[in-house]
Amino acid sequence: MHLARVVGRLVATQQYEGLRGVPLQLIQPLDDEGADHGEVVVACSAISSGPGDFVHWIDGREAALACPESFVPVDATIIGWVEEAWSNGRKLAP
Amino acid sequence: MLIGKVVGSVVATRKDEKLEHRKLLLVQVHDQHNKPKEQYVVAIDSVGAGHGDMILYATGSSARQTTVTEGRPCDAVIMAVVDSWDLGGDNVYEKWKS
Amino acid sequence: MFLATVVGTVVSPVQIPVLDGRTLLLVQPVDPQGRKQGRVRLGIDHAQAGVGDRVLVMDEGNSARQMLDAKEGAVKTVIVAVVDYIERDGALAYDHRDERSTP
């Protein structure tokens, strides 16, 4: 499970059948200082997140378990909205 | 999931029997700005993607969670054909414009 | 499992139901000497860990679901232990024992 910032939205009408209606968003993973770390990935969203939001997400097979239909080829899902996070005594402001 | 472009296909006669009748597509990975990377992956198609399509693919054991790939050797599956995406409010890719 | 240091806390009022009521901590993976190794993660606290603790983190879904008794939940990263000491090649690489934990 990781921290990220939502940076964009993606639309795909032709997609695996069990994924209809699930929002797809671009997320930038973050490090312990709230700075960008690693490549942007596309994730499903299990909450009502949107661009600019500070979120946490899950990768791997477990990502599919957060989707309405769990037998789907999904390897990244946003599972929570972060109101605030503190790291090394400092409040993160991504 | 990562964004990629279908740039070709891979055909192999001698292969694991569980890969038979599965479309193997050659995908070039693109970044969020739609810039191609020197990184390629061969993925099984589960949505009817074609040459030139921008697609999303899933990796790892998630890739086997489709009716096309379940119980088969597969570590990358194309699970969506991308229509469009935006980044920071700006449109980066629009299928119907290109 | 990997070694990590708890570096912070996360407040997440909107999240998937399986996480409700659970504490999320920021854990920085480290090597046995305590040097940073890769990107920070969020771990579900299952060991009453606190900021500054050296911990052991499980990062596998099936194990996580067993420990948390969450049959279908999307959980993966769980803090399973607070480390007392780490031995490497016969020497102590990390020692955090106090009177309470020393036999």
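1. Val42(A) is in contact with Leu10(A), Leu24(A), Leu26(A) and Ala76(A), and with Met1(B), Leu2(B), Ile3(B) and Leu56(B) of chain B, leaving aside its neighbours within four places in sequence. Contact here denotes C-beta atoms, placed from the backbone, within 7 Å of each other. Val42(A), together with Ile55(B), Tyr57(B) and Val82(B), touches the most other members of the largest nonpolar core, which has 83 residues. Such a core is a set of buried Ala, Val, Leu, Ile, Met, Phe, Trp, Tyr and Cys residues joined through C-beta atoms within 7 Å; a buried residue has 20 or more other C-beta atoms within 10 Å of its own, an exposed one 12 or fewer, and a partly exposed one a count in between.

2. The model is predicted: local features need pLDDT of at least 70 and side-chain atom pairs count only at pLDDT 80 or more, whereas totals for chains, interfaces and linings use all residues. Residues are numbered from 1 along each chain as its sequence is written, and chains are lettered from A and ligands numbered from 1 in the order in which they are written. The predictor gives an ipTM of 0.92 and a pTM of 0.93 for the complex. For chain C, the average pLDDT (the predictor's confidence in each residue, from 0 to 100) is 93, and 95% of the residues score at least 70.

3. The contact between chains A and C takes 29 residues from chain A and 24 residues from chain C. On the side of chain A that touches chain C, 14 residues are nonpolar, nine polar and six charged. In this division, Ala, Val, Leu, Ile, Met, Phe, Trp, Tyr, Cys and Pro count as nonpolar, Asp, Glu, Lys and Arg as charged, and the others, Gly among them, as polar.

4. Strands β7(A) and β1(C) pair in the antiparallel sense over four bridges; pairing requires at least two DSSP bridges. Glu84(A) has Val11(C) as its bridge partner. Helices (H or I, at least four residues) and strands (E, at least two) are DSSP runs, numbered from the N terminus.

5. Which residues of helix α1 (residues 61-68) of chain C are buried? They are Gly61(C), Ala64(C) and Arg65(C). They lie on the same side of α1(C) because they cover an arc of only 100° around the axis, the arc being that of the directions from the helix axis to the C-beta atoms. The buried residues of α1(C) pack against α1 (62-65) of chain A together with β5 (54-59) and β6 (77-82) of chain C.

Note on methods:
Contact = placed C-beta atoms within 7 Å.
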